[in-house]
Amino acid sequence: MSWKSRGLRGSFLEEIINLTNEYYRTNNIALIQKIPTPITPIEIDKATSHITLAYFDKKSTVDYIGVAQGVPICFDAKECATDTFSLQNIHEHQMEFLSDFKAQGGIAFILIYYTKKNLIYYMSVDELRVFYDRAVNGGRKSIKFEELRKRCFYQVSQSMYINYLEFVNDELEEIDADN
């Protein structure tokens, strides 16, 4: 599988997540790290030293993994330019990893950045599983904005942070209430 650079696609979301993770780390709240996608460079632009063509060494699992006050966390970050999020953005091996992580007692989720609305949506792996299974079983292959829970949106502000641990805490409270 070869990879052509798509420029800075996803860089805003990644940047605010990285800033948030640095804030969490420096304030002893959490230690969450970006997991680099392993690639083998094929072509490098000599003028800029940028990789212009590469092959993936293996399938990537998630973008971020770590721990927040003893709770294992993993998540993937996605961007969406429309009001419909295509489930083609979620690969089977990612869904499997997120599900397995949760089965081991961790919190697994995705963050979807709706660029035109400047909103980030927190979707637990359980919620994602409902939409994913619907698609696999011949149903709708995307998620409509209107299908999402209003309380799981985060308005991106000028502070350049997203407190996604707020949503993790809500999920932990739901788990405790169910037990």
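Student: How many helices and strands are in the protein chain?
Tutor: This is a predicted model, so let's just read off what it shows. The secondary structure of the protein chain comes to 4 helices and 11 strands.

Student: What share of the residues count as buried?
Tutor: Burial here means under 20% relative accessible area. The protein chain has 179 residues. The share of them that count as buried is 36%.

Student: And what part of the accessible surface belongs to carbon and sulfur atoms?
Tutor: The total for the protein chain is about 10500 Å². Of that surface, the part belonging to carbon and sulfur atoms is 51%.

Student: Which residue's backbone oxygen lies 2.9 Å from a polar atom of the K141 side chain?
Tutor: Look at the contacts of K141 beyond its sequence neighbours, which include Q88 and A135. The backbone oxygen at 2.9 Å from the K141 side chain belongs to A135.

Student: Now S142: is it buried or exposed?
Tutor: S142 sits in strand β10, residues 142-144. Apart from neighbours within four places, S142 is in contact with T84, F85, S86, L87, R134 and E147. Its relative accessibility is 11%, and the cut-off for buried is under 20%, so S142 counts as buried.

Student: Which side chain makes a polar contact with the side chain of S142?
Tutor: The distance for this polar contact is 3.3 Å, and the limit is 3.5 Å. The partner of the S142 side chain is R140.

Student: How many disulfides are there?
Tutor: A disulfide is a covalent bond between the sulfur atoms of two cysteines. C74 is buried at 0% relative accessible area, and C152 is buried at 2%. The rule asks for a pair of cysteine sulfur atoms within 2.5 Å, and by it the number of disulfides is 0.

Student: Where is N28, and what is its phi?
Tutor: Most residues other than glycine have a negative phi. N28 is not a glycine, yet its phi is positive. N28 is exposed, with 69% relative accessibility. It lies in the loop between α1 and β2 (31-34), with a phi of about 55 degrees.

Student: What about the phi of Q69?
Tutor: Q69 is in the loop between β5 (64-68) and β6 (71-80). At 64% relative accessible area, Q69 is exposed. Although Q69 is not a glycine, its phi is positive, at about 50 degrees.

Student: Last one: L19, Y23 and which other residue form a nonpolar patch on the surface?
Tutor: L19 is in helix α1, residues 11-26. Patches take residues with over 30% relative accessible area, and L19 is partly exposed at 31%. Together the patch has about 260 Å² of accessible area, and the residue alongside L19 and Y23 is Y161.

Terms used. Residues numbered from 1 in each chain as written. Predicted model: local features only at pLDDT ≥ 70, side-chain atom pairs only at ≥ 80, totals over all residues. Heavy atoms only, no water. Patch = residues over 30% accessible without salt bridge, like charges linked within 9 Å, V, L, I, M, F, W, Y side chains within 5 Å. Areas by Shrake-Rupley, 256 points an atom, 1.4 Å probe, with all protein chains shown as cover. Salt bridge = Lys/Arg side-chain N within 4 Å of Asp/Glu carboxyl O. Helix = DSSP H or I, 4+ residues; strand = E, 2+ residues; numbered from the N terminus. Buried < 20%, exposed > 50% of the residue type's maximum accessible area, 1.4 Å probe, protein only. Polar contact = N/O pair within 3.5 Å; in protein donor to acceptor, adjacent residues only side chain to side chain. Contact = heavy atoms within 4.5 Å.
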